[in-house]
Amino acid sequence: MSAVVSWARRATLLIGFVFLYAPIVILAVMSFNASRLVSVWGGFSTKWYAALLENEQLLHSAKISLAAALTSATISTLLGLLAAISLTRFGRFRTRFLFFGAVHAPLVLPEVVLGLALLTCFVAFGVGRGFITLVIGHVTLTMCFTTVAILAALRDSDPALEEAAMDLGATPFGAFVRVALPQIAPAIVTAYLLAFTLSLDDLVIASFATGPGATTLPMRIYSQVRLGVSPQINAISTLLLALVAVALGLAALVSSSRARRDGQVVTSLARAPDNAS
Amino acid sequence: MSAPLLSIKSVSKKFGAVVALEEVSLDVGAGEFFALLGPSGCGKTTLMRCIAGFESPDAGTIALSGVDLSGVPPNRRPVNMMFQSYALFPHLNVFENIAFGLRRQGETRDAIDARVNELLAMTQLSVFGHRRIAELSGGQKQRVALARALAPRPKMLLLDEPLGALDRKLREETQFQLKEIQRRTQTSFVIVTHDQDEALALADRIAVMRAGRVEQVAGPMEIYDRPATRFVAGFVGETNFIEGRLDRNGAAALITEFGRIPCEPGNLPDGAQATLSVRPERIGVARDGEGIVGFVEDFVFRGETTLLRVRVASNIVLRAAASHGERHAIGDSVRLSFPPGAGALLAEER
Amino acid sequence: MSARRKLSLGERLVIAAPYLWIGAFFLAPMLLIAKISVSQSVLARPPYRPIFEPSDSLAAIWAKAQTFTFDAYRALVSDTLYLESYLYSLTIAAVSTLITLIIAYPFALAMARAPERLRPLLIGLAAAPFWTSFLIRVYAWIALLKDEGLINNALMALGLITAPLQMFATTGAVVVGIVYSYLPFMLLPLYAVLERQDPSLREAAADLGASPAQVFLRVTLPLSREGVVAGALLVFIPAVGEFVIPDLLGGSETLMIGRTLWNDFFSNHDWPAASAAAIVLVAVLMIPLLLWERARLADEGGA
């Protein structure tokens, strides 16, 4: 590889990551700006964070969002697991095509359309909107993602392992729980986290599905943001970003220490570059 | 031999702390079928990649027809390679795969058509021109890879484990095809392999490599009958290593725990400790008569021969091949005979 | 396994929950908006007629069905607002997808060709923004793009411009927002195909005389087609129906269909119109997906 190519690659990576991260970093820095104005640095201050603690509306919405995310991610992961099992273990049952399509369709459906459909349905059946309808909306939104995540893992898991368990006397259910489930556990965790973050982040479905008293954090942020840049929003945004950063960092640490353990064998094999195999 | 086509002079290459090649020097003549033989990790693939231009040596030179190749990128070298994985382009059909190199040379349409069809015929692929790569069998893929590498008329073809991915029966057939094609095209072939049978069957000359060094370069017969080192003897074919003391008085022989074994002493002094390598099939096996007495410990039927493990001393077991039709049972007593020249005395390990 | 089969009782219990859920909260609502889209808009709650009641006799249902109308769809065609919104959305989405691809390709390539031990870190960093709030990432751009924002300030401080450039509340800002927000969706599939590509294919091409540029054009690029298509769909489809980005970064002229729909539904209470627009939007988005699926099938079964 020539030096020019290698430098071009480094420059590309640098520019790419600056583009991805600069706006987020700037936002975080601005949250510590004592001045209300974007263009003026008024010195370092944590006063906007202090103000957050007194903003009861915002805190209440944060609680609603958290509760909705926890509930909907749990239901969504369970339903996704059941749907993925149905799609991988039941062969070609008669309504598989319909089921497959309906499970995957929300993936490509604009959120506005899904939200609108849900709202008209709630109105038509006279369901009062609030926390429960919010959770219903988020489960419907995230279930396709959890299904896809678990489906991929189930497809990759070796069916011979379950067959071996059954050969050794396990029931199909027992074989699934004792053999397949531990294998796909990482995918289930990923699915849960995916559903959780999608729910926590969602604005559009929530705007359609929720009712008075159950205003979510993104809805609060959105109504503030429409009025322009606000230091308090900078602060809460930074908190949310920091939360994600810590969670991702922990996840990376866990997976890399596991990889290091597994990786030792690989690196010792790879050490001989002249590998005939 | 006239000036060699490929001349490798003291080439060394390291990957980090790992020495892949150490002071390797080799010559390959025009039209020669040359094999680089060795276990995995011996540096043979690295050497081939240096010739193709995918790696550059840390020291030493590689010259083709007298022209130094250092600094010449792979696309400008008149050397083509057949990859172990075949590396066929999955998005192109068989015809376009073979035409790839010709198109890069800017040949005319007609010339490309003619050349590709010629190669398709040579590799018995004429009806497969429009097939996609995914639709080919392993043997067909192997032939496409060969045709593709030959298409631009390289001065030298490098083949990285060309038969490695084929099953045993197909491998044998393909060995003949490969030899035939090499003869017809008069191209130098350099083949990398870890399979001694393949190297012995195909090559005019073989370089046996170990840990980045060349242990011996010779024709197949000489490699087999006169291995230069213990490693070569052990790696190429099956053998018995017999330790003993050389006795040059009269007919030279090795004095061992279990008897006298005649051998050619070479330039070793009288009384020297030496190792003799004797192939199992060179040892005569008889039920009685002259020879060293031993007891059959175990045997494996191999079709043509039966391989016996014969205990000749309390701590020495030799392997000997009994010819077809002879029946032996465990515990039988047998006589082993060593015709003069059956074994090769090995140089000291360095 | 090819014969269609009936499910056992146990299997039915497993599938029942997800089936009922999507039936009740996805299929039924979609059917309902299909029905509303052929209903008449009225000033009432809910703002459409007819409404079917469980007590309706067959005759009553038939009579009500007689009042179905395609007015809402006719209005979609005659009302330039909707036509413009569709065209505008498709154009913006297409342009943004193209720009995302142009930025993401070299980025993904550089990651895929980085030393192997660095790759997990690089791809982790590239995917991390995906886990952060979409809304916050879009919001972050407001502070950059505003007239008194950081970019304008920086440019003026450097003396490159004397008056602030109007960047916020423009179509350009919407495109930047989409490119930024959806970049990970393009990066991940591109990286996946490029990283998977067998390096010996590139070596083989070079060995056969292809220059580095030819290796890229004849081998790397055609072999990454799957990733390009997947990435393009992952960006294009949500971008067409995008609501948040045009609403926050766009100006009053950015009439993307998601926003028009939202306004019709919440501000104008014209449910039949919004429903019809939603149905058409779904139909429009199905087209590229079906084409993709067909191309994939042709690829697999091809001769």
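Which residues of α9(C) are buried? In α9(C), the buried residues are Leu201(C), Arg202(C), Glu203(C), Ala204(C), Ala205(C), Ala206(C) and Asp207(C). A residue is called buried if 20 or more other C-beta atoms lie within 10 Å of its own, exposed if 12 or fewer do, and partly exposed in between, with C-beta atoms placed from the backbone.

The model is predicted: local features need pLDDT of at least 70 and side-chain atom pairs count only at pLDDT 80 or more, while totals for chains, interfaces and linings use all residues. Residues are numbered from 1 along each chain as its sequence is written, and chains are lettered from A and ligands numbered from 1 in the order in which they are written.

Helix α9(C) covers residues 199-207, and seven of its nine residues are buried. Helices (H or I, at least four residues) and strands (E, at least two) are DSSP runs numbered from the N terminus. The buried residues of α9(C) pack against elements of chain B, namely α1 (44-52), β6 (79-82) and α2 (94-104), and against α10 (212-223) of chain C. Contact here requires that the C-beta atoms of two residues, placed from the backbone, lie within 7 Å. After α9(C) comes Gly209(C), which has a positive phi near 105°.

Chain B itself holds eight helices and 20 strands. Its C-alpha trace spans about 75 × 45 × 40 Å along the principal axes. Of the 350 residues in chain B, 41% are buried. Among contacts in this chain between residues at least 6 apart in sequence, 63% join residues at least 24 apart.

One sheet of chain B is open and has five strands in the order β13-β12-β11-β14-β20, with antiparallel pairing. Two strands pair if DSSP finds at least two bridges between them. The edges are β13 (259-262) and β20 (343-346) of chain B; each has a single partner strand, so one side of each is left without a neighbour in the sheet. On average, neighbouring strands of this sheet are turned by 45° against each other, direction ignored. Within the sheet, β11 (residues 240-247) and β14 (residues 273-278) of chain B pair in the antiparallel sense over six bridges. Across this pairing, Glu243(B) stands opposite Thr275(B) in β14(B).

Strand β16 (residues 292-301) of chain B has two pairings to follow. Four bridges join β16(B) to β19 (residues 333-337) of chain B, and the two run antiparallel; Val293(B) stands opposite Arg335(B) in β19(B). Six bridges join β16(B) to β17 (residues 305-313) of chain B, again running antiparallel, and here Phe295(B) stands opposite Arg311(B) in β17(B). The hairpin of β16(B) and β17(B) has three residues between the strands, and in it Gly303(B) takes a positive phi near 90°.

The contact between chains A and C takes 59 residues from chain A and 72 residues from chain C. On the side of chain A, eight residue stretches can be traced: α1 (3-30), α3 (56-89), α4 (96-108), α5 (111-124), α6 (131-156), α8 (172-201), α10 (217-225) and α11 (231-270) each give two or more residues. The largest share, eleven residues, comes from α1(A). This side divides into 45 nonpolar, nine polar and five charged residues. Ala, Val, Leu, Ile, Met, Phe, Trp, Tyr, Cys and Pro count as nonpolar, Asp, Glu, Lys and Arg as charged, and the others, Gly among them, as polar.

One helix pair between these chains is α4(A) with α1 (residues 9-37) of chain C, packed at an angle of about 55° with their axes 10 Å apart. Axes are lines fitted to C-alpha atoms, for helices over the stretch in contact, and angles run from 0 to 180 degrees between N-to-C directions. The two helices α4(A) and α1(C) are therefore oblique to each other; angles under 35 degrees count as roughly parallel, over 145 as roughly antiparallel, 65 to 115 as roughly perpendicular and the rest as oblique. In this pair, Phe99(A), Ala102(A), Val103(A) and Pro106(A) meet Pro18(C), Tyr19(C), Ile22(C), Phe26(C) and Leu27(C).

With 8 C-beta neighbours inside 10 Å, Glu56(A) counts as exposed.
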